[in-house]
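Here are my notes on the model you asked about, written for someone opening it for the first time. Keep the viewer open as you read.

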Amino acid sequence: MRIWVDADACPVVIKEILFRAAERTKITTTLVANQFLRIPFSPYIKFIAVPGGFDVADSRIVFELEAGDLVITADIPLAALVVEKGGHALNPRGELYTTANIKERLAMRNLMEELRGNGMDISGPSAFNHGDKQAFAAALDTFIAKRLRT
């Protein structure tokens, strides 16, 4: 199993949690972004720079992804592609996208996008907070523990 990170919009605190987890578990963790990112020197932490453009990082992650890999992303369409390919997707707030919930999340995202496109004033997600950080860390630890047992 490898961990892939849709890193352009990933909060710094989440990256730090991932860096510690990579070192602790020795799971290769690769950040993919269209801008340079500083990463710690580690045999388990990698960075792939992609050109700028719409969904370039997403496409690279899906291309590299193997069944069973974990992708960290808040991008629901990317999460849907990951799940379809046999991977797992975890958002930075600790929600694991699965075959059981991804279609509903994608439909809700599309509905909200359509409503915003029609001029409705719909707020986005709340600000990222300490509880989100804790939820992510717990979900990541649970996911990794299950994978290491199998």
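With which residue does Arg-24 form a salt bridge? The partner is Asp-141, with the closest N and O atoms 2.9 Å apart. (A salt bridge here is a side-chain nitrogen of Lys or Arg within 4 Å of a carboxyl oxygen of Asp or Glu.)

Before the points, some ground rules. This is a predicted model, where local features need pLDDT of at least 70 and side-chain atom pairs count only at pLDDT 80 or more, while totals for chains, interfaces and linings use all residues. Residues are numbered from 1 along each chain as its sequence is written, and side-chain values use heavy atoms, with hydrogens and water left out.

1. (Helices are DSSP runs of H or I with at least four residues, strands are runs of E with at least two, and both are numbered from the N terminus.) Arg-24 is exposed at 52% relative accessible area, whereas Asp-141 is partly exposed at 40%. (Buried means under 20%, exposed over 50% and partly exposed in between, using a 1.4 Å probe and protein chains only.)

2. **The other salt bridges.** The count comes to five salt bridges. Arg-93 meets Asp-132, with the closest N and O atoms 2.8 Å apart. Arg-93 is in the loop between β5 and β6 and Asp-132 is in helix α5, so this pair ties together parts 39 residues apart in sequence. Arg-93 is partly exposed at 29%, but Asp-132 is buried at 12%. Another salt bridge joins the side chains of Glu-66 and Arg-2 (3.6 Å, N to O). Glu-66 lies in the loop between α2 and β4, and Arg-2 in the segment before β1, 64 residues away. Salt bridges with shared partners link Arg-2, Glu-66 and Asp-69 into one network.

3. **The sheet.** Now look at the strands. Six of them form an open sheet in the order β3-β2-β1-β4-β5-β6, with mixed pairing. (Two strands pair if DSSP finds at least two bridges between them.) Strands β3 (45-49) and β6 (96-97) are at the edges with a single partner strand each, so one side of each has no neighbour in the sheet. Strands β4 (residues 70-72) and β5 (residues 88-90) pair in the parallel sense over three bridges, and Ile-72 stands opposite Leu-90 in β5. Helix α5 (residues 130-149) packs on the sheet, touching β1 (3-6), β4, β5 and β6, and its direction makes about 160° with that of β5. (Contact means heavy atoms within 4.5 Å; axes are lines fitted to C-alpha atoms, for helices over the stretch in contact, and angles run from 0 to 180 degrees between N-to-C directions.)

4. **The cores.** Which residues have the most contacts inside the largest nonpolar core? They are Ile-3, Val-5, Leu-18, Ile-72, Phe-136 and Leu-140, in a core of 23 residues. (A nonpolar core is a set of buried Ala, Val, Leu, Ile, Met, Phe, Trp, Tyr and Cys residues joined through side-chain atoms within 4.5 Å.) Helix α1 gives this core its largest share, six residues. A second, separate core of 18 residues includes Ala-57, Val-62, Val-82 and Ala-89.

5. Asp-58 lies in helix α2 (residues 56-64). Asp-58 is buried at 9% relative accessible area. Leaving out residues up to four places away in sequence, Asp-58 touches Asp-6, Asp-75 and Leu-78.

6. Most residues other than glycine have a negative phi. Lys-26, in the loop between α1 and β2, has a positive phi of about 65°. Lys-26 is exposed at 54%. Asp-55, in the loop between β3 and α2, has a positive phi near 60°. Asp-55 is partly exposed at 32%.
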